[in-house]
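Could you look over the salt bridges here before we discuss the structure? My comments are set out as numbered points.

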Amino acid sequence: MGCGASSPAQAPPSGGGGGAPPQAAVAAQAYGDSRTIDSELERMREEEEGKIKMLLLGAGESGKSTIFKQKLERMREEEEGKIKMLLLGAGESGKSTIFKQMRLLYGTERSDDDLRMYGVVARSNIVVAVRKLCTHLRNLGLEEELDRESRENEDLEDGDHSAFTCRQAYDELMAYLVDNTAIASEMEGGVGTGEKDWVGQSPRAGLAANNDAKQFLAHHESIRILWQSNTMKQVWDKRSAINVIDSHKEYLNDIPRIASPDYKPTTQDVLIARVRTTQVVMERYRIDGIDFEMYDVGGQRSERRKWIDCFDQVTSVIFVAALSEYDQTLAEAKRTNRMVEALELFRSVCNNRAFANTSIMLFLNKRDIFAEKIMYSDIAAQRPFSDYAGPAKDFDHGVLYFIQKFKDCLIDDEFNDSFIHVTCATDTNNMEFVLDSTRTIIMTDNLKRSGFLGAD
């Protein structure tokens with residue numbers, strides 16, 4: 001089996017104890033019952049060895065060899081009958097969201113410990129987004145616009161007459177979250193006033209996320225006021241320059257609920273929570289009598305060296321690319337367009353000899369954000385895609401254009417259109433249909449490759 005060598009040698013600490021776990025362990029822990037690959041394979045090996053020893057103890061010398069061979073043959077057949085699915089793609093394309101959808105559709109429910117961890121992550125994600133947006137507002141020179149809006153709101157009878165104006169809210173957030181010119185008080189605002197908070201803190205989320213979540217509770221009202229301002233709407237429309245997670249708009253639209261002491265993350269909250277994947281993570285499912293293993297890997301450039309360890313005996317690769325990232329650059333390489341990176345990565349995966357006999361599915365993800373973005377961000381205005389000749393603001397033409405771009409990456413033209421899906425990974429109904437059809441295609445293609453079904 002591949003992937004064993006890719007996991008770090010250091011095991012994550014137990015849930016109790018003092019400090020937060022190493023950052024490298026957070027992604028693997030974020031999936032609840034998921035185990036790092038090394039520990040899981042070691043457990044399987046010890047379990048199988050124990051079964052074989054028990055069988056051998058009850059057999060004579062003449063029968064031991066036969067029992068051992070039968071056991072090995074049975075293990076080989078089980079391994080060959082397993083469907084091993086590998087999620088690949090650039091960072092923040094939605095791979096981990098699809099991984100979570102598989103668990104939602106076919107796996108076990110999240111424990112309260114899982115949900116508390118995701119509650120901390122959701123609050124932390126909001127603070128990370130607000131830091132980027134406030135800094136971007138300043139860099140865009142919109143502070144005077146914010147002053148003007150604040151004065152206008154004070155003059156309106158139906159304005160938001162809360163404790164702060166949007167300018168005052170901005171100044172507070174800059175001082176506490178961006179410039180760090182003010183010192184946060186643990187008892188300041190939020191749940192720190194004595195109310196029992198269901199989420200609390202989670203060692204599994206890491207020290208930085210817990211600190212950000214605490215800042216969120218202290219400043220959530222200022223975040224709400226600033227987010228509702230017209231000036232911030234202008235900043236949001238220009239967010240492609242700062243790599244804010246688009247789906248976190250849902251969090252920002254629901255600040256009071258997430259700040260409530262009774263807050264318990266919903267399924268949607270879990271799906272859009274952003275935890276960077278820094279390990280190879282695997283979960284198992286049994287669907288209609290077939291064993292499936294799905295592997296999730298980090299998509300950033302620094303994480304791709306671990307991919308090679310997962311190439312062994314892969315049944316299917318699901319390559320995920322975000323349609324909406326045609327006007328964005330990589331977080332780790334500011335001059336590289338994200339869609340260009342995805343295309344080059346897809347080219348290298350499809351033409352890799354390790355996948356010569358592997359089904360490759362293409363998920364063009366974030367279709368909902370793409371549909372919204374093309375209304376104000378022209379595809380042809382992006383230098384790498386200046387050859388786009390379709391009408392502006394046209395969803396179908398835009399999607400077909402990028403599908404052809406991915407097809408152009410192939411050396412041969414055997415890539416079937418049924419292997420391409422335009423998806424919204426945060427939409428469970430959409431993903432249930434897509435994953436079900438994907439599963440059928442993978443199983444059919446696997447039977448054809450094995451010779452049990454004739455080729456078309």
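The points below cover the basis of the model and then its salt bridges.

1. This is a predicted model, in which local features need pLDDT of at least 70 and side-chain atom pairs count only at pLDDT 80 or more, while totals for chains, interfaces and linings use all residues. Residues are numbered from 1 along each chain as its sequence is written, and side-chain values use heavy atoms, with hydrogens and water left out.

2. A salt bridge is taken as a side-chain nitrogen of Lys or Arg within 4 Å of a carboxyl oxygen of Asp or Glu, and by this rule the count is 27.

3. Arg239 pairs with Glu372 in a salt bridge whose closest N and O atoms are 3.7 Å apart. Because Arg239 lies in the loop between α9 (230-237) and α10 (249-252) and Glu372 in helix α14 (residues 367-373), the pair ties together parts that are 133 residues apart in sequence; helices are DSSP runs of H or I, at least four residues, numbered from the N terminus. Arg239 is buried, at 3% relative accessible area, and Glu372 is partly exposed, at 31% (buried is under 20%, exposed over 50%, partly exposed in between, with a 1.4 Å probe and protein chains only).

4. In the salt bridge between Asp291 and Arg286, the closest N and O atoms are 2.7 Å apart. Asp291 is partly exposed at 32% relative accessible area, whereas Arg286 counts as exposed at 55%.

Methods
Helix = DSSP H or I, 4+ residues; strand = E, 2+ residues; numbered from the N terminus.
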